[in-house]
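Hi,

Here is the structure I promised to pass on. Have a look at it first, and then read my notes below.

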Amino acid sequence: MRFLATKEIPVKVTVKTTIDETDPMELIVFGRYFQKENASYLQYEEVLEEVGAVRTIVKVSEGEMLILRSGAIKMRLPFQLQQKLTGSYEMPFGVFETATLARKMEFVPSQEHGHAVGQIEIVYDFEMQGSHAGTYHLQIHFQPDHM
């Protein structure tokens with residue numbers, strides 16, 4: 001089922017991150033979902049105590065996903081299934097090269113009561129500066145924030 005959301009839809013976003021076998025970290029924020037050309041975008045902002053505001057954009061297109069973070073943390077993480085791709089992680093004291101190897105990528109858009117809802121799931125091996133930094137399981141669920 002495909003639906004077009006050319007206008008931005010305010011959404012409630014639940015982000016669950018599990019690194020290796022640790023307890024999952026969960027974040028609930030508000031953001032926007034929209035579609036442009038052949039891609040779906042989910043955009044949200046979180047405030048981290050130590051560093052400040054970080055804006056995240058998750059772009060989903062055919063066979064590819066991309067996570068871009070800007071603000072207090074700058075990060076570019078590209079994903080293609082079973083492909084090792086390089087990205088970057090910029091901190092105040094330097095830029096680190098990252099690598100991702102996606103083992104699972106899933107985007108399930110749907111509709112509930114005529115509203116866009118969806119689930120994005122990525123399981124990937126993460127490297128920073130050439131060293132394995134863990135296997136990450138990222139689950140992002142979004143729904144209109146008035147439901």
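T17 counts as buried, because its relative accessibility is 16% and the cut-off for buried is under 20%. Keep in mind throughout that this is a predicted model. T17 is found in strand β1. Leaving aside neighbours within four places in sequence, T17 is in contact with D23, P24 and M25, and also with Y136, H137 and L138.

T17 also turns up at the largest pocket. Of the 24 residues that line this pocket, T17, M25, E46, R69 and Y136 lie nearest its centre. The volume comes out at about 620 Å³. As for where the lining comes from, the elements that give two or more residues to it are β1 (9-19), β2 (25-36), β3, β5 (64-71), β6 (74-79), β9 (115-128) and β10 (131-144). The lining divides into 18 nonpolar residues, 2 polar and 4 charged.

Next, β9. This strand is mostly covered, with 10 of its 14 residues buried. On one pairing, β9 runs antiparallel to strand β8 (residues 94-112) over 14 bridges, and there K104 has V123 of β9 as its bridge partner. β9 is also joined to β10, again in the antiparallel sense, by 11 bridges; in that pairing F126 has G134 in β10 as its partner.

The side chain of E121 makes a polar contact of 3.3 Å with the side chain of K104. Not counting residues up to four places away in sequence, E121 touches M65, K104, M105 and E106, along with H137, L138 and Q139.

The other one is E127, also in β9. Its side chain and that of K84 are joined by a polar contact of 3.1 Å. Beyond its neighbours within four places in sequence, E127 is in contact with K84, E97, T98, A99, H132 and A133.

Now for the hairpins and the backbone angles. Most residues other than glycine have a negative phi, so a few spots are worth a look. The hairpin of β9 and β10 has 2 residues between the strands, and in it Q129 takes a positive phi near 55 degrees. In the hairpin of β6 and β7, with 4 residues between the strands, Q82 takes a positive phi near 60 degrees. The place of Q82 is in the loop between β6 and β7 (84-91). E37, which is not a glycine either, has a positive phi of about 50 degrees. E37 sits in the loop between β2 and β3, and it counts as exposed because its relative accessibility is 75%, where exposed means over 50%.

Around β6 the pairing goes like this. β5 and β6 form a hairpin with 2 residues between them, and they pair in the antiparallel sense over 5 bridges. M65 stands opposite F79 in β6. β6 and β7 also pair in the antiparallel sense, over 3 bridges, with K74 standing opposite E90 in β7.

Last one: E45, which is found in strand β3 (residues 39-48). E45 is partly exposed, because its relative accessible area of 44% falls between the 20% and 50% cut-offs. Which residues does E45 touch, not counting those up to four places away in sequence? They are V29, F30, A53, V54 and R55. E45 and G31 are 14 residues apart in sequence, and 6.8 Å apart in space, C-alpha to C-alpha.

Over to you, and happy looking.

Cheers

Technical notes
Residues numbered from 1 in each chain as written. Predicted model: local features only at pLDDT ≥ 70, side-chain atom pairs only at ≥ 80, totals over all residues. Heavy atoms only, no water. Buried < 20%, exposed > 50% of the residue type's maximum accessible area, 1.4 Å probe, protein only. Contact = heavy atoms within 4.5 Å. 1 Å grid on protein atoms, 1.4 Å probe; cavity = no way out; pocket = protein on both sides within 12 Å on 5 of 7 lines; lining within 4 Å. Points joined across faces, edges and corners; volume = space filled by probe spheres on them. Nonpolar A, V, L, I, M, F, W, Y, C, P; charged D, E, K, R; others polar. Polar contact = N/O pair within 3.5 Å; in protein donor to acceptor, adjacent residues only side chain to side chain. Pairing = 2+ DSSP bridges.
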